[in-house]
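Welcome! Please take a look at the sequence and the 3D view below before reading on.

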Amino acid sequence: MNAAIDIQKRREEIAINYFRMVDAGNPEVIDLFTEDARMFYPKFGIAKGKAQIGAFAQGLGRGVASLEHDIGGLTVLSSGDYVIVEGAEKGTTTSGVDFPDGVSSFGLFCNVFEFEGELIKRIHIYVDPDFANTHAEGVAWGKSVQDSIASL
């Protein structure tokens, strides 16, 4: 293999390992990032640098007791410095609610990783952060649309 293909495969492996480490609650996941990495997460916003990304992870842990990504079912696409991973996750909130429920939460996500060498420089995480369906207005809207589609 040539060097470009080698680095691309390595970056894909690092992205997949990221999910394994997140699922295990491994604090060494932060070592996968550059010092000045940036992270976006819905309803949270942007974290800048390892310290803020680590604090975000700890904060997420206050609401999510367990998290498991379907590693075998991941779709991984890469081009240049980017690796895009789409997949499904499941887990349990700290209040004991299992997710997804398959009604208004589906556990689907997409992460866009940007790499600098073999380190993550930027990650944008696209997921519905309402794991326990407590966002009543959003859940009601989704249900009303489902009901109107069902009548077609």
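This report goes from the overall layout to the core, the aromatic rings and some individual residues.

## About the model

This is a predicted model, in which local features need pLDDT of at least 70 and side-chain atom pairs count only at pLDDT 80 or more, while totals for chains, interfaces and linings use all residues. Residues are numbered from 1 along each chain as its sequence is written, and side-chain values use heavy atoms, with hydrogens and water left out.

## Overall layout

Let us begin with the elements. The protein has three helices and eight strands; here helices (H or I, at least four residues) and strands (E, at least two) are DSSP runs numbered from the N terminus. Starting at the N terminus, their order is α-β-β-α-β-β-β-β-β-β-α. The C-alpha trace spans about 55 × 35 × 25 Å along its principal axes.

A contact means heavy atoms within 4.5 Å. Among the contacts with a separation of 6 or more, 56% are between residues 24 or more positions apart.

## Surface and charge

The protein has 152 residues, and 32% of them count as buried. Buried means under 20% relative accessible area, exposed means over 50%, and partly exposed lies in between (1.4 Å probe, protein chains only).

## The nonpolar core

In soluble globular proteins, nonpolar side chains tend to be buried together. A nonpolar core is a set of buried Ala, Val, Leu, Ile, Met, Phe, Trp, Tyr and Cys residues joined through side-chain atoms within 4.5 Å. Which members of the largest nonpolar core touch the most other members? They are Tyr18, Phe33 and Phe113, in a core of 29 residues. Two or more residues come from each of H1, E1, helix H2 (49-61), strand E3 (64-69), strand E5 (82-93), E7 and E8. H1 gives the most, with five residues.

Leaving aside residues up to four places away in sequence, tyrosine 18 touches Val29, Leu32, Phe33, Asn111, Phe113, Ile120, Ile123 and Ile125.

## Aromatic rings

Rings of Phe, Tyr and Trp (its six-membered ring) pair if their centres lie within 6.5 Å; planes under 30 degrees apart count as stacked, over 60 as edge-to-face and the rest as tilted. By this rule there are 10 aromatic pairs. In one of them, phenylalanine 19 and phenylalanine 113 are edge-to-face, at 5.9 Å centre to centre with 90° between the planes. This pair links distant parts of the chain, 94 residues apart: phenylalanine 19 is in helix H1 (residues 3-24) and phenylalanine 113 in strand E7 (residues 108-116). Both of these phenylalanines are buried.

Another pair, phenylalanine 40 and tyrosine 126, is tilted because the planes are at 45°, with ring centres 5.9 Å apart. Here too distant parts of the chain are linked, with phenylalanine 40 in strand E1 (residues 33-41) and tyrosine 126 in strand E8 (residues 119-127), 86 residues apart. Phenylalanine 40 is partly exposed at 23% relative accessibility, and tyrosine 126 is partly exposed at 40%. Separately, Tyr18, Phe19, Phe33, Phe109, Phe113 and Phe115 form one aromatic cluster.

Glutamate 12 lies in helix H1. Is glutamate 12 buried or exposed? With a relative accessible area of 15%, glutamate 12 is buried. Not counting residues up to four places away in sequence, glutamate 12 touches Val76, Ser78 and Val83.

Tyrosine 41 belongs to strand E1 and is buried, at 6% relative accessibility. Beyond residues up to four places away in sequence, tyrosine 41 touches Phe56, Leu60, Ile125, Val127, Pro129 and Phe131. The C-alpha atoms of tyrosine 41 and valine 127 are separated by 7.8 Å, though the two are 86 residues apart along the chain.

## Backbone details

Most residues other than glycine have a negative phi, and most peptide bonds are trans. Lysine 43, although not a glycine, has a positive phi of about 70°. Lysine 43 sits in the loop between E1 and strand E2 (45-48) and counts as exposed, at 78% relative accessibility.

The peptide bond from phenylalanine 99 to proline 100 is cis, with omega near 0°. Proline 100 is in the loop between strand E6 (98-99) and E7.
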